[in-house]
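Opened the notebook again for another model. I wanted to look at one helix first, then go through the charged pairs.

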Amino acid sequence: MRQYQTWEEFSRTAEKLYLADPMKARVVLKYRHSDGSLCIKVTDDLVCLVYRTDQAQDVKKIEKFHSQLMRLMLAKESRSVAMEMD
């Protein structure tokens with residue numbers, strides 16, 4: 001498990017991991033209210049990337065990144081459905 005200290009490095013590496021094999025990649029968000037920390041983990045069962053933060057400004061970055069991954073997943077699904085219909 002690799003834990004990143006900078007958001008830019010984590011997001012770049014996590015996106016590459018997802019794009020390498022979208023069917024195996026998983027994304028997990030975990031919030032701990034007791035210490036106010038948010039953790040995002042991206043894994044494909046071979047590589048596990050983790051970023052933890054307790055800063056409010058990082059929450060927006062994580063939300064934007066998560067939305068970007070959801071758009072990529074939707075784009076892949078809509079292309080495969082279109083191919084099946086042809």
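Below are my entries on a helix and some salt bridges.

**Ground rules.** I'm working from a predicted model, so I kept local features to pLDDT of at least 70 and side-chain atom pairs to pLDDT 80 or more, while totals for chains, interfaces and linings use all residues. Residues are numbered from 1 along each chain as its sequence is written, and side-chain values use heavy atoms, with hydrogens and water left out.

**Helix α1, length.** I took helices from DSSP runs (H or I, at least four residues), numbered from the N terminus. Helix α1 covers residues 7-20, which makes 14 residues. For the expected span I used 1.5 Å times one less than the number of residues. That gives 20 Å for α1, and its end C-alpha atoms are 20 Å apart, so the two agree.

**Helix α1, sides.** Which residues of α1 are buried? I called a residue buried under 20% relative accessible area, exposed over 50%, and partly exposed in between (1.4 Å probe, protein chains only). W7, F10, S11, A14, L17 and Y18 come out buried. They cover an arc of only 130 degrees around the axis, and therefore sit on the same side of α1. I took the arc from the directions from the helix axis to the C-beta atoms. On the other side of α1, I found K16 and A20 exposed.

**Salt bridges, count.** My rule was a side-chain nitrogen of Lys or Arg within 4 Å of a carboxyl oxygen of Asp or Glu. By that rule I get five salt bridges. I wrote up some of them.

**D35 and R32.** The closest N and O atoms of this salt bridge are 4.0 Å apart. D35 is partly exposed at 43% relative accessible area, and R32 is also partly exposed, at 44%.

**K61 and D58.** Here the closest N and O atoms of the salt bridge are 3.7 Å apart. Both residues belong to helix α2 (residues 56-85); because they are three residues apart, about one helical turn separates them. How accessible is D58, buried or exposed? D58 has 7% relative accessibility and counts as buried, whereas K61 is partly exposed at 34%.

**E63 and K60.** I noted another salt bridge in this pair, with the closest N and O atoms 3.9 Å apart. E63 and K60 both lie in α2, three residues apart, or about one turn of the helix. E63 is partly exposed at 46% relative accessibility, while K60 reaches 59% and counts as exposed.

Terms used:
Helix = DSSP H or I, 4+ residues; strand = E, 2+ residues; numbered from the N terminus.
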